[in-house]
Amino acid sequence: MSSQLPDGPKKKEKNEPFSDIMKSMNTFFQEKPVKGFLQSIDDFFKTPFPQSSFSVRVSETDKEHHITAELPGIKREQIHIDVLDNYITISVSHAETVLQEDDKHRTFSRKQTMQQSSRTIPLPQPINEKKVRASYQDGLLIIRIPKQSGKKIIIDENN
């Protein structure tokens, strides 16, 4: 009894019925602008919620509160400080535009991102915004808020 083994892989003699459509679809998704659009969707899902917060430390002395925020790579113009009652809010806006040009293939790409983050810090007393001082150097924001001194109430003896 002899068995016949195939001589190796043979090429398909007939075409797959959808091979031309599949080739067209692959070509479509590999060309611009579809490829760029799909890449931007992939980039979004890699980091859908980027780090949008920053580190803040609150400390106090006998005379004032200190708020320190670490903001590396942020320019002074991008920082906003707002005071309302006994809350202080630090907001940071960061916009970036990247432009790529290829004169050979005449393709242009423009990517614009906008990030905004804020932190609100409550303090135990109302803040006098006229006396608040802030400084920013080497990515470190320091806000000094003087404590307000209250009035002492003398308790009368009741007879």
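How does Met 22 count by its relative accessibility, as buried, partly exposed or exposed, and why?

Author: Met 22 counts as partly exposed because its relative accessibility is 46%. Buried means under 20% relative accessible area, exposed means over 50%, and partly exposed is what lies in between, with a 1.4 Å probe and protein chains only. This is a predicted model, in which local features need pLDDT of at least 70 and side-chain atom pairs count only at pLDDT 80 or more, while totals for chains, interfaces and linings use all residues. Residues are numbered from 1 along each chain as its sequence is written, and side-chain values use heavy atoms, leaving out hydrogens and water.

Met 22 sits in helix α1, which covers residues 19-30. Helices (H or I, at least four residues) and strands (E, at least two) are DSSP runs numbered from the N terminus. Together with Phe 18, Ile 21 and Met 25, Met 22 makes a nonpolar surface patch of about 420 Å². Patches take residues with over 30% relative accessible area and no salt bridge; like charges are joined within 9 Å, and nonpolar side chains (Val, Leu, Ile, Met, Phe, Trp, Tyr) within 5 Å.

Of its 159 residues, 18% count as buried. The accessible surface is about 14,400 Å², with 52% of it belonging to carbon and sulfur atoms. Such areas come from the Shrake-Rupley method with a 1.4 Å probe, and for residues only the protein chains shown count as cover.

Next come the strands. Four of them form an open sheet in the order β1-β2-β7-β6, paired antiparallel; two strands pair if DSSP finds at least two bridges between them. The edges are β1 and β6 (133-137), each with a single partner strand, so one side of each has no neighbour in the sheet. Between β1 and β2 there are five bridges in the antiparallel sense, and Val 58 stands opposite Ile 67 in β2.

The structure also holds two salt bridges. The term means a side-chain nitrogen of Lys or Arg within 4 Å of a carboxyl oxygen of Asp or Glu. Side chains of opposite charge can pair when their charged atoms come close. Lys 147 is partly exposed at 27% relative accessibility, whereas Glu 60 is exposed at 52%.

The other salt bridge is between Arg 144 and Glu 64, at 3.8 Å from N to O. This pair too links distant parts of the chain, with Arg 144 in strand β7 and Glu 64 in strand β2 (residues 64-70), 80 residues apart. Arg 144 counts as partly exposed at 33% relative accessibility, and Glu 64 is partly exposed at 22%.

Two loop residues remain. Asp 85, in the loop between β3 (79-84) and β4 (87-102), has a positive phi of about 55° although it is not a glycine. Asp 85 is exposed, because its relative accessible area is 54%. Asp 138, in the loop between β6 and β7, has a positive phi near 55° and is likewise not a glycine. Asp 138 is exposed, at 76% relative accessible area.
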